[in-house]
Structures are given as structure tokens and as C-alpha cells.
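The stops below are given in the order in which they may be selected.

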Amino acid sequence: MLDLSNAPALFFAPFVSSTMRVEPQWVDYNGHLNMAYYNVLFDRAVDEAFGLIGLGPDYTEQRRASFFLAESHVLYRRELQANAFVRVTVQLLDFDERGLHYYMELRHAAEGWLSATSENLALHVGMEERKVTPFPPDILSNLAFMRASHTRLPRPDALGRVIGLKRDKVAAKAAAPKTTPEETRLASGTRH
């Protein structure tokens with residue numbers, strides 16, 4: 001079992017990764033960090049954050065289990081250029097016996113501005129059978145500790161965003177069937 005006796009200081013804020021650098025070869029023909037490499041930076045932070053509670057690379061080797069990303073929503077806010085230094089925060093939002101829901105923010109390390117966010121759902125997988133399987137009790141306990149600490153943090157505004165163009169929302173509203181005042185009263189269960 002992982003000793004988390006000194007962990008409260010680590011978890012009362014979101015986990016903050018070590019400083020990472022945007023490698024020049026990650027910059028695309030638009031002159032900024034290519035979208036694929038945002039995920040590399042997020043992934044490195046996940047390894048650091050969840051490694052603190054026993055879900056790092058050694059977990060896969062020792063316990064023949066890991067966690068796989070099942071769904072991700074990245075929101076790009078501001079571009080990064082070559083050699084920029086960044087940090088990623090990781091906030092555990094929720095978990096159950098087989099999965100994790102977590103949120104990350106990628107920020108410029110020196111200036112602090114937000115470059116991208118990532119909301120994720122990951123599933124615990126047994127590596128031999130390659131199927132979703134429950135976390136072991138000690139990991140569930142560590143996750144509970146981390147989540148309890150992170151519930152003190154504000155819920156991120158970017159959670160649960162739906163992708164779509166603004167005109168899609170306008171078109172949907174315009175296409176909605178028109179109701180008469182009589183239909184509205186009937187739908188509400190009153191006639192008067």
C-alpha cells in the first residue's frame with residue numbers, strides 16, 4: 001500500500017506537473033505547437049499525477065494492469081510556440097471501481113496564461129486479458145483520498161462542453177415546432 005501520510009499538502013490543490021518544454025520538432029507549418037503534442041504534454045502530466053497514488057508505469061509492470069483513455073475533449077485556447085515552457089494541472093473529478101474522470105489545464109509556465117484544457121475519461125484495464133477490470137482496494141483508497149482533496153477545488157467551467165457551431169444552435173431553435181398559447185397551456189396541464 002502506498003504511504004500517503006504526507007500527501008495532504010500535495011492534493012489540496014490540483015496536481016502541478018514538472019515544467020516541460022515545447023520541442024521545436026513539435027511545431028507545425030502554422031508555426032505553433034501541433035495539436036497532437038498537446039496530448040503528449042497532457043499524457044506526461046497524467047503519468048506524474050497518478051504515479052503519486054500508485055498508478056504510474058511501475059503499476060503496469062508489477063500488477064499487469066493500467067488505465068486507458070476512453071474519451072477526451074481538448075479545448076485549445078491559445079497557441080504555444082517552440083521552446084515555450086509549460087506546466088499542466090491535473091484535477092481528479094470522480095472515479096468508480098473501474099474508471100477515472102479528470103480534468104487538466106496546460107498553462108505557460110512563466111506567464112501563467114491558459115493554452116488548453118482536457119477533460120478525460122479513463123478505464124482500468126487488466127493487461128493480460130485487455131478488458132476493463134476493477135481497481136485494487138489500495139488504489140481505490142488512494143483515489144478516494146485524492147478525490148476528497150480535489151472536491152475542495154472549484155468545478156472547472158469547461159466541463160461537459162458540447163461541440164457545435166453557433167449557427168447549429170440558432171438553426172435548431174428556428175426549426176423547433178411553433179406552439180400556440182393553447183398548446184402551451186394544455187402541455188402544462190391547465191386549461192385556464
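The model is predicted, so local features are taken at pLDDT of at least 70 and side-chain atom pairs only at pLDDT 80 or more, while totals for chains, interfaces and linings use all residues. Residues are numbered from 1 along each chain as its sequence is written, and side-chain values use heavy atoms, with hydrogens and water left out.

**Helix H2**

Select residues 35-51, which make up helix H2; helices (H or I, at least four residues) and strands (E, at least two) are DSSP runs, numbered from the N terminus. The 17 residues of H2 reach 25 Å from the first C-alpha to the last, close to the 24 Å expected at 1.5 Å a residue (the expected span is 1.5 Å times one less than the number of residues). Now colour Tyr-38, Leu-41, Phe-42, Ala-45, Val-46, Ala-49 and Phe-50, which are buried in H2 (buried means under 20% relative accessible area, exposed over 50%, partly exposed in between, with a 1.4 Å probe and protein chains only). These residues lie on the same side of H2, because they cover an arc of only 150° around the axis, taken from the directions from the helix axis to the C-beta atoms.

**Aromatic pairs**

How many aromatic pairs does the structure hold? There are four; rings of Phe, Tyr and Trp (its six-membered ring) pair if their centres lie within 6.5 Å, and planes under 30 degrees apart count as stacked, over 60 as edge-to-face and the rest as tilted. Select Tyr-38 and Tyr-76, an edge-to-face pair at 5.0 Å centre to centre with 80° between the planes. Tyr-38 lies in H2 and Tyr-76 in strand E3 (residues 65-76), so this pair ties together parts that are 38 residues apart in sequence. Next, select Phe-50 and Tyr-102, which are edge-to-face at 5.3 Å centre to centre, with 70° between the planes. Here the pair joins H2 to strand E5 (residues 99-108), parts that are 52 residues apart in sequence.

**Ser-115**

Move to Ser-115 in strand E6 (residues 114-126). Is Ser-115 buried or exposed? At 0% relative accessibility, Ser-115 counts as buried. A polar atom of its side chain lies 2.6 Å from the backbone oxygen of Arg-78. Beyond its neighbours within four places in sequence, Ser-115 is in contact (heavy atoms within 4.5 Å) with residues including Tyr-38, Tyr-76 and Arg-78.

Terms used. Polar contact = N/O pair within 3.5 Å; in protein donor to acceptor, adjacent residues only side chain to side chain.
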